Amino acid sequence: MKTKKLLSILCTALLLSASPAVFGQASTQSSDDVAFGKGTNVISIGVGVGGEYTYYGGGYTSTPNLVLSYDNGTFGNVGPGTISLGALFSYKGISNDYTDFHSGYDYNQNWSYYVLGVRSAYHLNVPAAPRFDPYIGIMLAYYDISYHETSNDPYYNDPGNPHYNYYVDNYNSYMAFSLYIGARYYLTNRVGLWLELGYGYSNAALGVSFKF
């Protein structure tokens, strides 16, 4: 049920962010002398590291962030640049393995973070470098947390266990703002590499972008 809800929210966010391109800018082409102009659409995929996550610190391990984003050049000729609207989806898994000092039993904790955000960025036009797209932006994201723990303790699922409530603990999802700075460099007219630095869903992320 939670997965279906997340997919529904993601699809809605992508449709809303894409609507200017679909309904209002279908006949508008990006400028030939800049990498990102009004009407430009970019889908990016990649991986990231770090990020501002609750219940994450020393002794914990994590997967890379898996990232999918969409950006549309919605407002053109804003000073020397273009303002984009878009959406981002990211997944990150965090785990912690430990042995209880008193009982000797082993425990494995797992947190799954599903991050869904809407974002906007200012892209600086660089006519002298038509394949270079530097930008800075802000994002508001919803962090949905799924928690699961396993153990070889035979009384692990027994409500009479003094630590039972701790083992089955639930973690609240939350909303958070994040800032980021990034750049894309297009190897061809349609395919490029991207890098973003900031805080929020990751501290550093990179991948491949597809412009259309």
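So, is valine 47 buried, exposed or partly exposed? Valine 47 is partly exposed, because its relative accessible area is 39%, and buried means under 20%, exposed over 50%, and partly exposed in between, with a 1.4 Å probe and protein chains only.

Before I go on, a quick word on what we're looking at. This is a predicted model, where local features need pLDDT of at least 70 and side-chain atom pairs count only at pLDDT 80 or more, while totals for chains, interfaces and linings use all residues. Residues are numbered from 1 along each chain as its sequence is written, and side-chain values use heavy atoms, with hydrogens and water left out.

Okay, back to valine 47. You'll find it in strand 1, residues 41-49; strands here are DSSP runs of E, at least two residues, numbered from the N terminus. Valine 47 also belongs to a nonpolar surface patch of about 620 Å², together with Leu66, Ile136, Ile181, Leu195, Leu197 and Leu206. To get into a patch like that, a residue needs over 30% relative accessible area and no salt bridge, and nonpolar side chains (Val, Leu, Ile, Met, Phe, Trp, Tyr) are joined within 5 Å. The areas come from the Shrake-Rupley method with a 1.4 Å probe, and for residues only the protein chains shown count as cover.

Now for the charged side chains. How many salt bridges does a search of the whole structure find? Four, where a salt bridge is a side-chain nitrogen of Lys or Arg within 4 Å of a carboxyl oxygen of Asp or Glu.

Take arginine 119 and aspartate 71, whose closest N and O atoms are 3.0 Å apart. Arginine 119 sits in strand 5 (residues 106-124) and aspartate 71 in strand 3 (residues 65-78), so this pair ties together parts 48 residues apart in sequence. Both of them are buried.

Aspartate 71 also meets arginine 184 in a salt bridge, at 2.7 Å from N to O. Arginine 184 is in strand 7 and aspartate 71 in strand 3, so here the parts tied together are 113 residues apart in sequence. Arginine 184 counts as buried, at 1% relative accessibility.

Then arginine 184 pairs with aspartate 133, at 3.0 Å from N to O. That one links strand 7 to strand 6 (residues 132-151), with the partners 51 residues apart. Aspartate 133 is buried too, with a relative accessible area of 1%. Follow the shared partners and you get one network of Asp71, Arg119, Asp133, Arg184 and Glu196.

The largest cavity has a volume of about 40 Å³, a volume being the space filled by probe spheres set on the points, which are joined across faces, edges and corners. Its lining includes Ser178, Tyr180, Glu196 and Leu197. Strand 7 (174-186) and strand 8 (191-198) each give two or more residues to that lining.

Technical notes: Patch = residues over 30% accessible without salt bridge, like charges linked within 9 Å, V, L, I, M, F, W, Y side chains within 5 Å. Helix = DSSP H or I, 4+ residues; strand = E, 2+ residues; numbered from the N terminus. 1 Å grid on protein atoms, 1.4 Å probe; cavity = no way out; pocket = protein on both sides within 12 Å on 5 of 7 lines; lining within 4 Å.
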